[in-house]
Amino acid sequence: MTFGDDLSWLFARQRFGVRPGLERVRALLARLGEPQGTFRVVLVGGTNGKGSTAASLAAMLRADGQRVGLFTSPHLTHFTERLMVDGAELPETVVAAALARVRPLAEDVGATFFEIVTALGALLFAEAGVTVAVMEVGLGGRLDSTNALDPDLSVITNVDLDHTEILGSTREAIASEKAGILRAGRPAVTGVDMGLLPVLLERGADVWALGWHIGVQVQALGWEGSDVTVSVPRQTVALRTPLLGEHGARNAALAAAAAIRLGVSPDAIARGAAATVWPGRLEALPWRGGRVLLDGAHNPAGAHALAGALRALGVERLPIVFGAAGDKDVVGVAAALAPLASQVILTRAALSPRAAEPASLAPLFPDCPITVTDSPEQALDALAGLDAPLALVCGSLYLLGEVRPLLLGVAGEDRERWQ
């Protein structure tokens, strides 16, 4: 049986959806010999900014001499992007061998797609000899499969409305779910609004919060990123991050505060921040003599952050290629983006059954020209005809995962995407 066969089996399990709970993943980890016990763990949760914060923290830990595993989701183009060791994807042959071992055990316990991927990551990180794993939480926190791991430190970037059908319809309810990754007496850092901080403090963790224990000063450098000064009790660290926008600087600051709490040196924090790479989040790629920005903003809070970043960069209007999952708050996302749109090219991620029909999105952009396309390829053809020096592709990470290889001229991954 090949890696392709096992990966097809794994991807097919996406169709069974999300089943919150820790029993199955704990059973699977136990059958694998508790691989997560061989390394320290950092859990990174929140509504937005989890991935860039996790990537920044992983880079800082690497710069400090740690062997670091980075677990993120979803992947953009290739499954192995989810499983990074020291900044590089694990070889497909290594992942294939591990997945073949995990598969029968996962079938025995009835594990879901994300539970299997979490256990697979723990196994691979253990066998790669990582000393610390930075694990991005998938959904919520309390019942997310990553929470079966026991974190030395937890990060909650922020809390906003998303996945309300599972996590609750208020910010307080969602904050309570995300606070499940905190551990009493252990360090944590957060960027949640002060009004939600009491919900986190109920868990008894030793929390540092932005605007309370963590002070941040940002000097924007335009398309180069930002200079950031992070002040915490008895220490100040200066860094430069390539992450764009005020929210990018804020995520780098949270990562720096987490790194300080883990004992990382100021020099390593600065070097790691400068070396951070996080594709698909305000990522500018050259294309046909211009540039295309890719951003995975898929909820209203993320779209507002994207719009604010573009305005701060001096962007007034630009063509937008937009596609979104039908189960997201597309009205809220479009409302944040519409004022920036000179033209909108609607499309869909061809490999995602969750994608909204492009034509159904047209009423969300009533005041600008609309082009409706059926695929990312057609959308880029339409964009090429505009001859614009700068354009934006956003709305769905699955859409970005199909557009990005087309822009780079590389092969994608031809598998159906649900999670």
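**Figure 1. Domain 1 and domain 2 of the chain in the predicted model.** The domain assignment places residues 3–275 in domain 1 and residues 283–408 in domain 2. Taken over C-alpha atoms, the centres of domain 1 and domain 2 lie 27 Å apart. Domain 1 contributes 14 residues to the contact, and domain 2 contributes 18 residues.

Figure 2. The size of an interface is often given as the accessible area lost when the parts come together. On the side of domain 1 that touches domain 2, the residues by class are five nonpolar, seven polar and two charged. Two residue pairs are in polar contact between the domains, both at pLDDT 80 or more. The count of salt bridges between domain 1 and domain 2 is zero.

**Figure 3. Surroundings of S145.** S145 sits in the loop that runs between β5 (132–136) and β6 (153–156). With a relative accessible area of 4%, S145 falls under the 20% cut-off and is therefore classed as buried. The side chain of S145 is in polar contact with the side chain of T118, at 2.7 Å. T118 is also one of the residues that S145 contacts when neighbours within four places in sequence are left aside; the others are L22, V25, F114 and E115.

**Figure 4. The cis peptide bond from S73 to P74.** Most residues other than glycine have a negative phi, and most peptide bonds are trans. The bond from S73 to P74 is cis, and its omega is near -10 degrees. P74 belongs to the loop between β2 (68–71) and β3 (83–85).

**Figure 5. E34, a residue with positive phi.** E34 is not a glycine, yet its phi is positive, at about 55 degrees. The loop that holds E34 lies between α2 (23–31) and β1 (40–45). The relative accessible area of E34 is 37%, which is between the 20% and 50% cut-offs, so E34 is classed as partly exposed.

**Figure 6. R288, a residue with positive phi.** R288 has a phi of about 50 degrees, a positive value, although R288 is not a glycine. R288 is located in the loop between β12 (281–287) and β13 (290–295). R288 is classed as exposed because its relative accessible area, 63%, is over 50%.

Technical notes: Residues are numbered from 1 along each chain as its sequence is written. This is a predicted model: local features need pLDDT of at least 70, side-chain atom pairs count only at pLDDT 80 or more; totals for chains, interfaces and linings use all residues. Side-chain values use heavy atoms; hydrogens and water are left out. Domain bounds come from an automatic or database domain assignment. Contact means heavy atoms within 4.5 Å. A salt bridge is a side-chain nitrogen of Lys or Arg within 4 Å of a carboxyl oxygen of Asp or Glu. A polar contact is a pair of N or O atoms within 3.5 Å; within protein, one must be able to donate a hydrogen and the other to accept it, and residues adjacent in sequence count only if both atoms are side-chain atoms. Ala, Val, Leu, Ile, Met, Phe, Trp, Tyr, Cys and Pro count as nonpolar, Asp, Glu, Lys and Arg as charged, and the others, Gly among them, as polar. Helices (H or I, at least four residues) and strands (E, at least two) are DSSP runs, numbered from the N terminus. Buried means under 20% relative accessible area, exposed over 50%, partly exposed in between (1.4 Å probe, protein chains only).
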